[in-house]
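The plan is to go from the overall build down to single residues, jotting things down as I look them up.

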Amino acid sequence: MPVDTKVSLCLSAALSVTTLAASQVFKAQLAETKGMTILAGGLCALLFMFLLTALGNLESVLLGKGFEIRIFPEVLFSLVVSMAVASTVHRVSITCCLAFSLVVLYFMSVISQRTYAHSTTSDSAPIKSEKKKRK
């Protein structure tokens, strides 16, 4: 069920703060084993997704519905912030955060294209070209 842009802004901002707080509260546990450092990278990739959603909704509220998120500055800002948070947990978490964030960004782009892209197919049947055969 879709929500209003302002509600989505508040939800994604709250989830960003919650994810940031959870990564800092459980920093010691996340740095203990290899699996937990990978989990910390995934947690920071969720932070990336929430930050990007919050920024996109904020720009939509302030600048209008037609505004699009670009790689610079919105995506890079969200990526740098999430990687900085991952760096407070473990060095390996930074790399995992980058990899997981790129996967998240790809799937966000696919979902956005399916939801908001306009169809470019035409209703007319394709025209077949006929070639003359030589005998």
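This is a predicted model: local features need pLDDT of at least 70, side-chain atom pairs count only at pLDDT 80 or more; totals for chains, interfaces and linings use all residues.

**Overall build.** Reading from the N terminus, I get the element order α-α-α-α-α. That makes five helices and zero strands. I looked up burial next, and 27% of the 135 residues count as buried. Then I checked how far along the chain the contacts reach. Taking contacts between residues at least 6 apart in sequence, 68% join residues at least 24 apart.

**Helix H1.** I started with H1, which covers residues 5-25. I reminded myself of the general rule: an α-helix has 3.6 residues a turn, so residues three or four places apart point the same way.

**H3 against H4.** I moved on to this pair. The axes are 9 Å apart and the packing angle is about 145 degrees. The crossing of H3 past H4 is right-handed. From H3, the residues involved are Cys-44, Leu-47, Phe-48, Leu-51, Leu-52, Leu-55 and Glu-59. Among those they meet in H4 are Glu-74, Val-75, Phe-77 and Leu-79. Sorted by class, this contact has twelve nonpolar, two polar and two charged residues.

**H4 against H5.** Here the axes come within 8 Å and cross at roughly 150 degrees. This crossing is right-handed. H4 brings Val-75, Leu-79, Ser-82, Met-83, Ala-86 and Ser-87 to the contact, and H5 brings Ser-93, Ile-94, Cys-97, Leu-98, Ser-101 and Leu-105. I sorted these too: eight are nonpolar, four are polar and none is charged.

**Helix H5.** H5 runs over residues 91-116, which is 26 residues. From first C-alpha to last I get 37 Å, close to the 38 Å expected at 1.5 Å a residue. Buried in H5 are Ser-93, Cys-96, Cys-97, Ser-101 and Val-104. The helices that the buried residues of H5 pack against are H3 (34-63) and H4 (71-87).

**Two residues up close.** First pick: Ser-101, in H5. Is Ser-101 buried or exposed? Its relative accessibility is 1%, so I put Ser-101 down as buried. Leaving out residues up to four places away in sequence, Ser-101 touches Ala-45, Phe-48, Leu-79 and Ser-82.

What does Val-104 contact beyond its neighbours within four places in sequence? I found Phe-48 and Met-49. I also looked at Leu-46, which is 58 residues from Val-104 along the chain, with 8.2 Å between the two C-alpha atoms. Phe-48 turns up in my notes for Ser-101 and again for Val-104.

Conventions: Residues are numbered from 1 along each chain as its sequence is written. Side-chain values use heavy atoms; hydrogens and water are left out. Helices (H or I, at least four residues) and strands (E, at least two) are DSSP runs, numbered from the N terminus. The expected span of a helix is 1.5 Å times one less than its number of residues. Buried means under 20% relative accessible area, exposed over 50%, partly exposed in between (1.4 Å probe, protein chains only). Contact means heavy atoms within 4.5 Å. Axes are lines fitted to C-alpha atoms, for helices over the stretch in contact, and angles run from 0 to 180 degrees between N-to-C directions. A crossing is left-handed if the near helix is turned anticlockwise from the far one by less than a right angle, and right-handed if clockwise. Ala, Val, Leu, Ile, Met, Phe, Trp, Tyr, Cys and Pro count as nonpolar, Asp, Glu, Lys and Arg as charged, and the others, Gly among them, as polar.
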